Amino acid sequence: MRKTLPSLKHPKRLSFKRKPIQNQIPGKITYVGEGTSEDTVINVISYNEEKVIYNNNCSIEKVLDLVTHEPQFKHWINFIGVHDVEKLSKLGSLLNIHPLVLEDIANTKQRPKLDEFEDYVFFALKMIYHNETDLLIKNHFGLVFNKSYIISFQQSHDIIFNSIRERIHNKVGRIRIRNTDYLFYALIDAVVDNYYNLLETIEEKIQDLEERIIEDASKASTSEIQLLKREILSIRKAVFPAKELINKLQISKHPLYDKSTKAYIADLYDHILQVTENIDIYREIVWGLMDMYMGSLSIKMNEVMKVLTIMSTIFIPLTFLAGIYGMNFDYMPELNIKSGYFIVWGIMILMTALLIFYFRKKKWF
Amino acid sequence: MRKTLPSLKHPKRLSFKRKPIQNQIPGKITYVGEGTSEDTVINVISYNEEKVIYNNNCSIEKVLDLVTHEPQFKHWINFIGVHDVEKLSKLGSLLNIHPLVLEDIANTKQRPKLDEFEDYVFFALKMIYHNETDLLIKNHFGLVFNKSYIISFQQSHDIIFNSIRERIHNKVGRIRIRNTDYLFYALIDAVVDNYYNLLETIEEKIQDLEERIIEDASKASTSEIQLLKREILSIRKAVFPAKELINKLQISKHPLYDKSTKAYIADLYDHILQVTENIDIYREIVWGLMDMYMGSLSIKMNEVMKVLTIMSTIFIPLTFLAGIYGMNFDYMPELNIKSGYFIVWGIMILMTALLIFYFRKKKWF
Amino acid sequence: MRKTLPSLKHPKRLSFKRKPIQNQIPGKITYVGEGTSEDTVINVISYNEEKVIYNNNCSIEKVLDLVTHEPQFKHWINFIGVHDVEKLSKLGSLLNIHPLVLEDIANTKQRPKLDEFEDYVFFALKMIYHNETDLLIKNHFGLVFNKSYIISFQQSHDIIFNSIRERIHNKVGRIRIRNTDYLFYALIDAVVDNYYNLLETIEEKIQDLEERIIEDASKASTSEIQLLKREILSIRKAVFPAKELINKLQISKHPLYDKSTKAYIADLYDHILQVTENIDIYREIVWGLMDMYMGSLSIKMNEVMKVLTIMSTIFIPLTFLAGIYGMNFDYMPELNIKSGYFIVWGIMILMTALLIFYFRKKKWF
Amino acid sequence: MRKTLPSLKHPKRLSFKRKPIQNQIPGKITYVGEGTSEDTVINVISYNEEKVIYNNNCSIEKVLDLVTHEPQFKHWINFIGVHDVEKLSKLGSLLNIHPLVLEDIANTKQRPKLDEFEDYVFFALKMIYHNETDLLIKNHFGLVFNKSYIISFQQSHDIIFNSIRERIHNKVGRIRIRNTDYLFYALIDAVVDNYYNLLETIEEKIQDLEERIIEDASKASTSEIQLLKREILSIRKAVFPAKELINKLQISKHPLYDKSTKAYIADLYDHILQVTENIDIYREIVWGLMDMYMGSLSIKMNEVMKVLTIMSTIFIPLTFLAGIYGMNFDYMPELNIKSGYFIVWGIMILMTALLIFYFRKKKWF
Amino acid sequence: MRKTLPSLKHPKRLSFKRKPIQNQIPGKITYVGEGTSEDTVINVISYNEEKVIYNNNCSIEKVLDLVTHEPQFKHWINFIGVHDVEKLSKLGSLLNIHPLVLEDIANTKQRPKLDEFEDYVFFALKMIYHNETDLLIKNHFGLVFNKSYIISFQQSHDIIFNSIRERIHNKVGRIRIRNTDYLFYALIDAVVDNYYNLLETIEEKIQDLEERIIEDASKASTSEIQLLKREILSIRKAVFPAKELINKLQISKHPLYDKSTKAYIADLYDHILQVTENIDIYREIVWGLMDMYMGSLSIKMNEVMKVLTIMSTIFIPLTFLAGIYGMNFDYMPELNIKSGYFIVWGIMILMTALLIFYFRKKKWF
């Protein structure tokens, strides 16, 4: 059994823990998270209504140059690999980002967060998905944007934003016309939309478990239910703060949000609300699975007990009767009756019939 | 067992899922929901105190014509079949409805919603009922109204509004005299009134389950209870947001709501409150059913065990005694006593009597 | 078992249901509730500090006459039998009561409600009691009062207000001196005071169940616990809105409430608070009963199993031993030993003693 | 078992009930509580910085005289025995206390309450303790104070305030210098401090139960757990309103509270907060006891079942084998083999060894 | 079993109890907590941007001297050993600290607290960790700071602040430049950071229990789960008030907090939020463990029952058959058939095969 559930031991642990750092100095940027061997990459997409320019694998100087000298473009700076603390703090200090913000970006165990500064806004949330080995992955994702650029900080490469890149490239919808706040909205929306896929995976897992429990409780196990509980709690913890933060966005009066974008953020809030409601419903359902499981086991037990009781109740008296006539007393008158043996058989068959009738009446089978 | 519960697998799934659309562009109207083969139909009822005119199967141009050139009428435009996104967006753009509203109308997985714009109001909620195969159906239903017309968007034909049509036709009550806000109220009220039928179905299902569990736990199953739980959670999710929204309606100061209509909306709020309170009561009761079920199984088990124990406890010692006198020792003095056999019978009957007395005293039967 | 619990099936249903009325027109007064054959009766008590005049079985015209031409009296109009919708709406329209209020009076499934109009106040709540067959009865009770009169609408005759009638008749306390708002308070207080009797009945039922479960779980049944749960939920639903409403009364600034009456209303709020707190405590206790029940069953089961195990464990090996010496092998040396039979008996007694000692050490009996 | 739990039946009932009084007139002072034979006693301690004067067993006239003619003293009037409604109402009317306050003092089932009048403050709470027979006693305790005196109304004599009397007598701390509001605070503080003793008793009861359940579930009983639940719910009900009220005291701007006393009240609030937090923790722990109990029973059951199964599984096949060679067929070749008997013994020992090996591998013992 | 769980009895008790002190006078400083034999020590670190001066084992006079005559330094006064009430009150009165604050410092059972006075701020919280014998230790920790100094009151020596001492010594980060409010923040941050270690220990305990339950329920015990529940409740009680207080700090407008420090406090709030969220998740998981445990026991029981039933069901009928032919009737025709014995064997093997086939079909093994 342990072989099929190795995940209970190790990977789940990650989701509830922040590496304890005894000497952590506040404001000192430190990477908190698993080790990674990917290189840090900075890609910049500069776009306006007429043109899109791609600068992949930029140096930080190039980024600064773009941001400073190309005000006619909006720049989407995609910083992939937040474990490179040096690059991160260099970029941060050149663009005047508060050290605590950079610390929050490098700390991949940071909970979702919204910080509105005078001239820029910081938003951190989680991309959550199941990887190919069905492990729940929570990737930390940070956004910093002001009037002219937006920086997205990621732990690793992701396909979640490809659709947005396409929309920019192909000038689909309003994305090229609108300001950076619309791109800001679009990126968060992509993350939240992805939560629907997560919900579906959870839904499927629940249904699979339910079906197996109904069919035969021994096909499921308590540890699977516990694992699912943990998964839901872990998702809940990552998603619920986002709800609150998007509501903050919605009612914020920060000048960076355009009035026309507000309608989209309201829509976004609606989506995250739907996600959180579903998570809570799944939670209740999974909590109920344990009861189903126990009920299923009890039914099985009852069935086993009935078989035992029926067999014992029928044969124990018969065996006793046979035992009686196996006694060696000198004088046992029945033994000498010629048809005695057959009379005993008759009595036995009668007893059996009566007991079967009794069990039938009790609806035991 | 699985044959009687196929519904656990498939149809329930629908209620918790929104089709994941990777490239969904915000504000782009996309139909989200099951496929349907019905044609989209637009029926318009134009009425005022004196007259009612019916325009069934209107073209969009006709609708626009009516709305623009017949200001002496109030127009109820019934748009059936929101899957026809093209017609929907054409109508929307001609009547100046915000694209996000149209998106919410076409997305049948959208949660209930109220959006008050300067010159019109959008309200979306769910019609919920059990279809003829006892499946829970949740139909998305959107309302848009302004001073001169009201548009109701439905997924398919419904009988729920027939009574309102009759009231308009027969000039029953105040509906012909009042403004569109009263019709707006009346349509929502019809949907909420229908929730009472839903509650009754749930009530009956609960009672049926309760009775079967009390009679014989094996007549019910844990999966039925789980199914009922899911159904209640699903209804709860669709109805509870409506409560909040109707409260918003109640305290809204939007000029489209007439003061006299406000009293009716307060009444409506009262109804939805009663519905939600009942749902929560059903929830508690259904959650308690599992305990009843387990208790019922335990009682049965106890009964089975008692039968086994009584039979074994009586006959095992007797069989032992018979076994003793079945031994073949050369010298067993009892065997030679003439009445030995009958003495053994006497001892056996005495033992049985004592054990029965003991069980009686313990109140085992 | 079903014979003792017929109530689970039918009467409970009533408390959770409102008759579904497809074509119900808002503001149209319709009686919702069980049929009744009692005649509608209107009794008026007109009183002031000096005099009390009784007008039993008044016509509506008489009521109007009294209210209009006898301003020196305060009039308590007791309308018994709200099923007579015609009389109700006639009285209502003559006294200028809003149609929605009349609808709420006639709908006996209406939840408790407070509506403060400019010149009168409407309050609806529930009288709850167990009838002689121990069924929970919830009677809808409506109050309308203004400066000069108070109308109490009841479903049927009740003894609950007799004490108030006596106090008016005998000039006990301040009731004759004070305004109608004091009578209004006194009537609500009488209803709330009666809830204490209800609590006591529930308390007794719980104690009875608890004692039976402790004594012998088989004397109670899961359905009784479920029934009690339902009863408490049903009471809770009827009483909790009242708490909220009395709080509203308490903080209301409506000119009809005299300042000196406010102290009494605060006191009333205190009482209803105590009632609701107790209901929630009963709820927790009843929810705990199921656990007690299951525990009680488990103890019983353990006991049964121990008896079975002890008997089997003692006698099965003995029977085996007897079986050994019942074998018919040609050469079994023990059989020829003279005292073999007695040695076997000795071994058997020794084995039994050892097993009994073992069970004693395990504290099985 | 019933003999050890008589308390479940009767005394608990008291704590959830208010005597139902059909004709109770609001504002009419009526004693609600158990009968008592103690005489009502009024003791007055008059003190200021220089002097303390004791007047035990005062008449009401004496009290009035003291209060009116000795303004240089602060008077602590201790009224013991609130069942003497006559004396109570006489004192009340002479000192101008509102009849509803007097009613609340005489009603010992009244929940904790704070009423701030223009020139005096009324506070009622509960002294709770276990009496010598381990019964939970809740004594109603009322305080009325103004600038010059404080009246404490008790149901019976109590040792809880002795320490305060000593502090007044011996001029310990600031009590003699400060105003009546400080004494008011000190009296409430004494009551709240006493709750800590209560918590400790509960803590000990829980630990005792826990230990017994762990050692052997049959040493505890479900009814004990239920009793403890009830006790905690009953305490909770008496203590929680006090928290809210002390918070009200804390934020109140009534001129009777001196600014310097406010710091002490804040401290008091801290204490009551700690008490309520602990009560909720005990609640969770006690609710968990039932699970422990059931788990403990299940473990025991498993153990019993294993013994039964092991014994049966070993001896039933052996008995069968012995039965085979006890058959009386004319031709059974094994019987004639000389060492047949010993071979059978060998087979039996082998079978037993294999089964024991199997159970060992399954870790059954 | 009791030997391995002695901790349930004694040490846990501490965490829920405050020593009951009958005569405790408010504002009189009394040590509440376990006895300790350590000496009270006062160490002062005086630092500014240029210099750090250490004064270990100061007298109170020295402290006063430093604070009064060295305004160019910020002083961190570390008072270790709050049980020395005399020293504590002397220091307190010399530095003008309110007696109630000193009482709260000496009462190690005090809940976390924030008190902002005009010219100083008092903050009390708990250091929590598992000691070397795995006991949960909660050390009370108080902070008082004003413009020029900060006093930290501890129960005993701790290594938790070593990192801060190092940062001061080595001028790491901003700590030497900033005001006392930054040190105040840094000390609280060190305590909160330490909670992460606590969380990890809890996480490990949960995982260890989970794994043991999954492997074999008998390796875990209900008392372990109960113990873990208690531990989490105890931690919860100590940590949750801190959340609220840090939020208060965050929104406080007290002039002692520098604006630049506010950002750090916001960060601190984020950390404590993460801690409390995790505690609640652990709570849910541990509460679920009991279910897992019961499920695990049930599975085991089912398995045991199946073995018993299979063995009994196979051998009881066979034994009966053997018993039949062991009877001593004079005329039993089968006995004389030559191959009778072998036919019986054949029948027995056939019966066994059928039963095995039946159990296979039922998937019992």
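In this predicted model, the contact between two of the chains takes 69 residues from chain C and 68 residues from chain D, where contact means heavy atoms within 4.5 Å. The model is a prediction in which local features need pLDDT of at least 70 and side-chain atom pairs count only at pLDDT 80 or more, while totals for chains, interfaces and linings use all residues. Residues are numbered from 1 along each chain as its sequence is written, chains are lettered from A and ligands numbered from 1 in the order in which they are written, and side-chain values use heavy atoms, with hydrogens and water left out.

**Chain C with chain D**

- The size of an interface is often given as the accessible area lost when the parts come together.
- Chain C and chain D bury about 6,400 Å² between them, with 60% of it on carbon and sulfur atoms; buried area is the accessible area (1.4 Å probe) that two parts lose on being put together, summed over both.
- On the side of chain C, the residues that lose the most area to chain D are Glu284(C), Phe320(C) and Phe329(C), which together make up 10% of what that side buries.
- Six salt bridges are found across the interface of chain C and chain D, a salt bridge being a side-chain nitrogen of Lys or Arg within 4 Å of a carboxyl oxygen of Asp or Glu.
- Arg111(D) forms a salt bridge with Glu277(C), and the closest N and O atoms of this pair are 2.6 Å apart.
- Between chain C and chain D there are also 16 residue pairs in polar contact, both residues being at pLDDT 80 or more; a polar contact is a pair of N or O atoms within 3.5 Å, and within protein one must be able to donate a hydrogen and the other to accept it, while residues adjacent in sequence count only if both atoms are side-chain atoms.
- The side of chain C that touches chain D receives at least two residues from each of α6 (162–170), α7 (180–215), α9 (259–324), α10 (333–336) and α11 (340–361) of chain C, where helices (H or I, at least four residues) and strands (E, at least two) are DSSP runs, numbered from the N terminus.
- Helix α9(C) gives the most to the side of chain C that touches chain D, with 36 residues.
- Sorted by class, the side of chain C that touches chain D has 32 nonpolar, 18 polar and 19 charged residues; here Ala, Val, Leu, Ile, Met, Phe, Trp, Tyr, Cys and Pro count as nonpolar, Asp, Glu, Lys and Arg as charged, and the others, Gly among them, as polar.

**Chain D with chain E**

- In this interface, 70 residues of chain D are in contact with 69 residues of chain E.
- Chain D and chain E bury about 6,400 Å² between them, and 61% of it lies on carbon and sulfur atoms.
- In chain D, the residues losing the most area to chain E are Glu284(D), Phe320(D) and Phe329(D), together 10% of what that side buries.
- There are six salt bridges between chain D and chain E, and the side chains of Arg111(E) and Glu277(D) meet in a salt bridge at 2.6 Å, N to O.
- The interface of chain D and chain E has 16 residue pairs in polar contact, both at pLDDT 80 or more.
- Helix α9(D) gives the most to the side of chain D that touches chain E, with 36 residues, and the residues of that side divide into 32 nonpolar, 19 polar and 19 charged.

**How the copies are arranged**

- Chain C is superposed on chain D by a rotation of 72 degrees with 0.0 Å of shift along its axis, at an RMSD of 0.1 Å; copies are superposed by least squares on the C-alpha atoms of residues with pLDDT of at least 70 in both.
- That is the relation of a five-fold axis.
- Of the residues of chain C, Gly326(C) comes closest to the rotation axis, with its C-alpha at 4.6 Å.
- Only 17% of the interface residues of chain C are also interface residues in chain D, so the copies meet through different surfaces.
- No contact joins chain A and chain C, and no contact joins chain C and chain E, whose closest C-alpha atoms lie 9 Å apart.

**Salt bridges over all chains**

- The structure holds 70 salt bridges over all chains.
- One of them is formed by Arg230(C) with Glu203(B), whose closest N and O atoms are 3.7 Å apart.

**Strand pairing within chains**

- In chain E, strand β4 (residues 113–116) and strand β5 (residues 121–130) pair in the antiparallel sense over four bridges; two strands pair if DSSP finds at least two bridges between them.
- Leu114(E) stands opposite Phe123(E) in β5(E), and a hairpin joins β4(E) to β5(E) through four residues.
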